[in-house]
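This report describes a single protein chain, going from its overall architecture to individual contacts. Please read it alongside the sequence and the coordinates.

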Amino acid sequence: MNMKSDNFLIFQPSKSAMQSGIGKSEKWCLSNSRANESFMNSVFCWTGSSNSEKHLTLFFDTLESAVRYAESKKLDFEIIEKKKKKNY
């Protein structure tokens, strides 16, 4: 894999609108920050990408394990912390 020139994000995904609880929202994701780069083929009307590795997302139980993995692979990464909810 040749992803070393890309920037990666480590974050906790937010729950979807269909989730009422917080289950599975404690995991941490390591994802490519430019995963949405794609192109449109005007002849066949489909969307593609020149590099399928950019759509890779890895899940970790803890922030420390995600950071350890990124450092072991020598990846450039940024950590995005979740905003704390307000208590009213």
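## Overall architecture

The protein has one helix and six strands, where helices (H or I, at least four residues) and strands (E, at least two) are DSSP runs, numbered from the N terminus. Read from the N terminus on, the order of these elements is β-β-β-β-β-α-β. Of the 88 residues of the protein, 25% count as buried; buried means under 20% relative accessible area, exposed over 50%, and partly exposed in between, with a 1.4 Å probe and protein chains only.

The model is predicted, so that local features need pLDDT of at least 70 and side-chain atom pairs count only at pLDDT 80 or more, whereas totals for chains, interfaces and linings use all residues. Residues are numbered from 1 along each chain as its sequence is written, and side-chain values use heavy atoms, with hydrogens and water left out.

Four strands form an open sheet in the order 5-2-1-6, with mixed pairing; two strands pair if DSSP finds at least two bridges between them. At the edges are strand 5 and strand 6 (76-80), each of which pairs on one side only. From one strand to the next, the twist averages 20°, with axes taken as lines fitted to C-alpha atoms (for helices over the stretch in contact) and angles running from 0 to 180 degrees between N-to-C directions. Strands of a sheet pair through backbone hydrogen bonds, either parallel or antiparallel.

Strand 2 and strand 5 run antiparallel and are joined by four bridges, and in this part of the sheet cysteine 29 stands opposite phenylalanine 59 in strand 5. Strand 1 is likewise joined to strand 2 by four bridges in the antiparallel sense, while strand 1 and strand 6 pair in the parallel sense over five bridges.

Lysine 27 is partly exposed at a relative accessible area of 33%, whereas aspartate 61 counts as exposed at 58% relative accessibility.

Glutamine 12 also lies in the loop between strand 1 and strand 2, and at 16% relative accessibility this residue counts as buried. The side chain of glutamine 12 reaches the backbone oxygen of glutamate 26 at 3.1 Å. Glutamine 12 and threonine 62, 50 residues apart in sequence, have C-alpha atoms 9.8 Å apart in space. Proline 13, in the loop between strand 1 and strand 2 as well, is partly exposed with a relative accessible area of 22%; its C-alpha atom is separated by 7.6 Å from that of lysine 27, which is 14 residues away along the chain.

## Exposed sites in other loops

Lysine 74, found in the loop between helix 1 and strand 6, has a positive phi of about 55° although it is not a glycine. Most residues other than glycine have a negative phi, and most peptide bonds are trans. With a relative accessible area of 63%, lysine 74 is exposed.

Phenylalanine 44 has its place in the loop between strand 3 (39-41) and strand 4 (46-48) and is exposed, with a relative accessible area of 60%.

Methods
A polar contact is a pair of N or O atoms within 3.5 Å; within protein, one must be able to donate a hydrogen and the other to accept it, and residues adjacent in sequence count only if both atoms are side-chain atoms.
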